[in-house]
Amino acid sequence: MVKSPPVMVDKEIELLTAQLSVLRRREDDFTRVLEEMVRLQSSVKEEIEALDSKITDLKRQKQPIIWLPTELLIEIFLIRTQDDSADLETGLPYNSAPIVISHVCHKWRELALSTSLLWTFISYRTPHWVPQPLSVFLERAGTSPISFNFISNPSTSTSDDLTMSTLEAATTVNIIDTLCSQDRRFRSLTFECGFAKSMEHVLTGISRVHKHLHDLESLDLALSILDPSFEGTQLLAADLLSTDQTSPENPTMLKHLRLQQIPLSILPAFFVRTTRTLELSYPPKKSHSTRLHHFALKISHLIKLLRHTPLLHELSLIGVTPIWDLITKTNGQLAYHTSEPLHPNDLAFASPFELPELKRFEWKYAYHRDIFPFMSLVTLPGLERWDLLIAQSPTKRFDVTQFRGNHNHDQDSFIMTEPLSNILLFDALKELNVNCQNEDMLGSSLRQFIFPSLAKLDITFVGQNVRKEPGVPSLPRLESIFRDPRLPHLTYLSISNFDIPPTHGRSMLGYMPNLVSLTLGACTGANVVLDALAEAYGCAPATGGVRTRLCGVRVCPRLEDLILWSCPDVGFRPLWSMVHMRTLTPDNDGNEQDHKEEALEAEVFASAVLGREIRPLKKKRYLGANSSHPVDEPNASGLSASDSSRSTLIPMQDALHPTRLVCLHLEDCPQISHQEALSLGRLGIIVIYK
């Protein structure tokens, strides 16, 4: 290698240094350009995100849920949180609705966390102790009144009853301690336990926090296991209803009380004094014998509780078949039924009492022999609606007197009464819904009641699962069901799951002159009713007197709606005849002269039908203001005030000019085709066909 002189080396170094300097300056320029590009890229990204956010907001504004104001959203959320039926399928031990709402979006989460009412509906649905969900809900509920539900389901566990009872009792104690530690108000409390020991802890806890229960509106205490044992508890011996009559400084304002398989004397009197709605549920037992450590409901227990509820508006008895251990003082009536007759020393005297505010009474699964004795003990002057399910009695009764409300010879029930001497009158009753498992029980259950103001009647047979004979039962005559079959104020009638005998059409409808709506569901023999509705009042000369034509109707001149569903033998011909007969006379909207001509024509028709001249009655004289015998003025139906309450006579004007049929509803009637149903619409009525 040739050695270069130092001068040449220095020049070469200087040249390379200059090139390196240029490259470094270019590198710095590129770095600045890249930084600027990165900055521009970041700026573009931010703008893109901002525009995307605006687009998303604009798209969200197209959704109707965004248009709702915050107040309305809160109301929707509250409705969802109050309905915990959908949460049962999730298997979670708490009400998941507030949690789900808070995880939808940021706005909804802020709204949910800031609304304490969403967290006041607390459900605890497990016999195992899980404290975290309960603590979170209590913390987020703040100071708002709480609705707490504890529902244990021991049937889902595979452990034995003793282990499950111990586990549930421990969980109940922890829940009560947690609730008692919160100095707050309660709006509703529900405890559905599987074992009596747990319920004893609940009642102990309620007595501890009664000073915080002055705002309590609803209390629900239930044992879910059928015929539970109360061994190891003091619930059967407790009688706070009679012994604890002292009221706290701030008494409760309880409005709704529900007890299921719970002794009726476990609550003090001040708890039930303001109750408006009372529901007692005692599912029927497989055996009617009373076992040791098991609760047997007696009529004395029920009467004692009802005497402490003077403000009761609604009473619901589910499966209540009490043991009768009372003798009424008024009529000497002895009424009890049990497989083990009570000793005379165990019987107590009771006088009837009144529930003046009761408007609705529901009694499901009632034995016919219990109905009249109970109703004679409890006076209900303001009762407006009665829902009754008459159950099949465990022992058949073949005595004829049973069908007329007389129990003298009923050795099975030990009910002693004077033959047909006791009749109860329900002046205010407007609606009666009767379901029966045996058609023979209708008469034996209702023959000792009179309903002069009844406006709605529903009779349904529900004993298909216990009936041995094939088909549906025959509908009893109205005279066999009611002591007084006249129903002049009845406007709605519904009959379901019965066979209507050939002689029942006109005889039944003749008692209902003001019927407006008629429903027949799953009934055979409905053609009998249609024939009665199609029967003309008579024949009268047509215009010119050459021919005769049908005029008027025999029954139900004010019928407007007819509903037929699942009636297999309803034919088109009787249906068409009925519709045709009730659409002959058009609605008269003319002037006064038209009304006079129509009245004159009605007199001519009536004279032709009856075969004699119809002369108007003379007007009654006015007896003066000081007369002791007031003159009866005819009412709108043509009857005087004194006899219109029970008379079922149809005025001549109504019979000859019936109200036009307005609506015909046909559903699942196989013998009537769609085309035939539509053809009825040409007669000027509304036809609904399904």
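Predicted model: local features only at pLDDT ≥ 70, side-chain atom pairs only at ≥ 80, totals over all residues.
User: Within what arc do the buried residues of helix α5 fall, seen down its axis?

Analyst: Helix α5 covers residues 106–114, and its buried residues are W108, L111 and A112. Viewed along the axis of α5, these buried residues line one face of the helix, because they fall within an arc of 100°.

User: Which residues are exposed on the other side of α5?

Analyst: An α-helix has 3.6 residues a turn, so residues three or four places apart point the same way. In α5 the buried set is W108, L111 and A112. The exposed residues on the other side of α5 are H106 and S114.

User: How many residues apart in sequence are the parts tied together by R258 and D220?

Analyst: The side chains of R258 and D220 form a salt bridge, with an N to O distance of 2.9 Å. R258 belongs to strand β5 (residues 256–260) and D220 to strand β4 (residues 218–223), so the pair ties together parts whose separation in sequence is 38 residues.

User: Are R258 and D220 buried or exposed?

Analyst: The cut-off for burial is under 20% relative accessible area. R258 has 15%, so R258 is on the buried side of that limit. D220 has 13% relative accessibility, so D220 also counts as buried.

User: What is the N to O distance in the salt bridge between R385 and D387?

Analyst: R385 is partly exposed, with a relative accessible area of 27%. D387 counts as buried, because its relative accessibility is 10%. The side chains of R385 and D387 meet in a salt bridge with an N to O distance of 3.2 Å.

User: Which residues are linked in the network of salt bridges that includes R385 and D387?

Analyst: Side chains of opposite charge can pair when their charged atoms come close. The whole structure has 14 salt bridges. The network that includes R385 and D387 links R360, R385, D387, E431 and K456.

User: What distance separates the C-alpha atoms of T460 and S496?

Analyst: T460 is part of strand β18, residues 456–461. With a relative accessible area of 13%, T460 is buried. T460 and S496 are 36 residues apart along the chain, and their C-alpha atoms are separated by 4.7 Å.

User: What is the relative accessible area of Q261, a residue with positive phi?

Analyst: Most residues other than glycine have a negative phi. Q261 has a positive value, near 55°. Q261 lies in the loop between β5 and α10 (269–272). Q261 is buried, with a relative accessible area of 7%.

User: Where is A522 found?

Analyst: A522 is a residue other than glycine with a positive phi, near 55°. The strand β20 covers 517–521 and the helix α16 covers 526–534, and A522 is found in the loop between β20 and α16.

Key. Residues numbered from 1 in each chain as written. Heavy atoms only, no water. Buried < 20%, exposed > 50% of the residue type's maximum accessible area, 1.4 Å probe, protein only. Helix = DSSP H or I, 4+ residues; strand = E, 2+ residues; numbered from the N terminus. Arc of directions from axis to C-beta. Salt bridge = Lys/Arg side-chain N within 4 Å of Asp/Glu carboxyl O.
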